Amino acid sequence: MPDTPDWQNSTFLKEVERRSGTPVSACFQCHKCSTGCPIGPDSDLLSSQVMRMIHLGQENSVLESQAIWLCASCEACTTRCPMQIDIAAVMDSLRMMAVEAKVDLPNARGEQFNRSFLQSVRRNGRVFELGMMVAYKLRSRDFFTDAEKTGQMLAKGKLSLLPKKSGSAKEVADVFRRAGEEEKKR
Ligand code: SF4
Ligand code: SF4
């Protein structure tokens with residue numbers, strides 16, 4: 001889509017701002033977010049490029065990108081942005097939009113990992129690494145990558161064999177329940 005003078009009325013931009021609760025339109029392309037992003041060198045898009053493409057209404061390109069699934073939600077970008085744009089929240093919103101739109105994901109494993117992680121946190125109130133890895137392997141059908149490291153970590157006692165529930169498991173489950181209710185309202 002061309003860069004038009006009325007880009008601030010882009011439907012995609014408005015929807016991303018509504019979902020993330022942050023002013024993406026305030027981005028002035030200083031690139032401070034991208035220079036602090038740990039996945040930038042391995043990603044198909046930098047975070048500042050994602051912001052600009054949202055301005056331009058390039059919905060398909062953004063939702064089909066690897067960048068939104070490689071994002072580690074570390075919030076380095078959010079803390080660096082001089083316009084107080086919560087870029088990590090934008091990435092979260094974009095992932096949800098991609099799932100809802102049933103986009104053909106370039107990196108389905110990112111989405112599978114995400115689901116396995118959230119499932120583990122929902123059940124235990126925190127991540128149970130071994131259970132999450134098993135769930136991810138079953139989803140991705142990738143049984144052998146890192147298998148050797150898993151054995152080494154188990155041997156060194158770095159991974160628990162059984163889940164330990166967080167003392168805040170009920171509160172965390174409540175967060176998931178409320179998030180599910182909010183999703184249904186959309
Ligand atoms: S939250 Fe995502 S986009 Fe932002 S710096 Fe971290 S990995 Fe990069
Ligand atoms: S740091 Fe903020 S203003 Fe600068 S490019 Fe990134 S999102 Fe835009």
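These are my notebook entries on a predicted model of one chain.

**Ground rules.** I number residues from 1 along each chain as its sequence is written, letter chains from A and number ligands from 1 in the order in which they are written. Since the model is predicted, I keep in mind that local features need pLDDT of at least 70 and side-chain atom pairs count only at pLDDT 80 or more, while totals for chains, interfaces and linings use all residues.

**Overall layout.** I started with the fold and found 11 helices and 0 strands; these are DSSP runs, numbered from the N terminus, with helices (H or I) of at least four residues and strands (E) of at least two. The C-alpha trace spans about 60 × 35 × 30 Å along its principal axes. An automatic or database domain assignment gives me domain 1 (7-100) and domain 2 (108-181). Their C-alpha centres lie 26 Å apart.

I looked up burial next: 25% of the 186 residues count as buried. Buried takes 20 or more other C-beta atoms within 10 Å of a residue's own, exposed takes 12 or fewer, and partly exposed is in between, with C-beta atoms placed from the backbone. For contacts (C-beta atoms, placed from the backbone, within 7 Å), I took those with a separation of 6 or more; residues 24 or more positions apart account for 63% of them.

**The core.** Which residues touch the most other members of the largest nonpolar core? I got Val24, Ile54 and Ile87, out of 26 residues. Such a core is a set of buried Ala, Val, Leu, Ile, Met, Phe, Trp, Tyr and Cys residues joined through C-beta atoms within 7 Å. Helix H1 (11-20), H3, helix H5 (67-70), helix H6 (76-80) and H7 each give two or more residues to this core. H7 provides the largest share, 6 residues. I then followed Ile54: beyond four places in sequence, Ile54 is in contact with Phe12, Leu13, Val16, Val24 and Val62.

**Ala89.** I found Ala89 in helix H7 (residues 87-100). Is Ala89 exposed, partly exposed or buried? Ala89 counts as partly exposed because 18 C-beta neighbours are inside 10 Å. Leaving out residues up to four places away in sequence, Ala89 touches Ser20, Gly21 and Thr22. The C-alpha atoms of Ala89 and Gly21 are separated by 8.0 Å, though these residues are 68 apart along the chain.

**Ligand 2.** I counted 15 residues around ligand 2, the closest being Cys27, Cys30, Cys33, Ser48 and Cys81; the cut-off is a C-beta atom, placed from the backbone, within 6 Å. Helix H2 (32-35) and helix H3 (47-55) each give two or more residues to this shell.

How values were computed. Contact = placed C-beta atoms within 7 Å.
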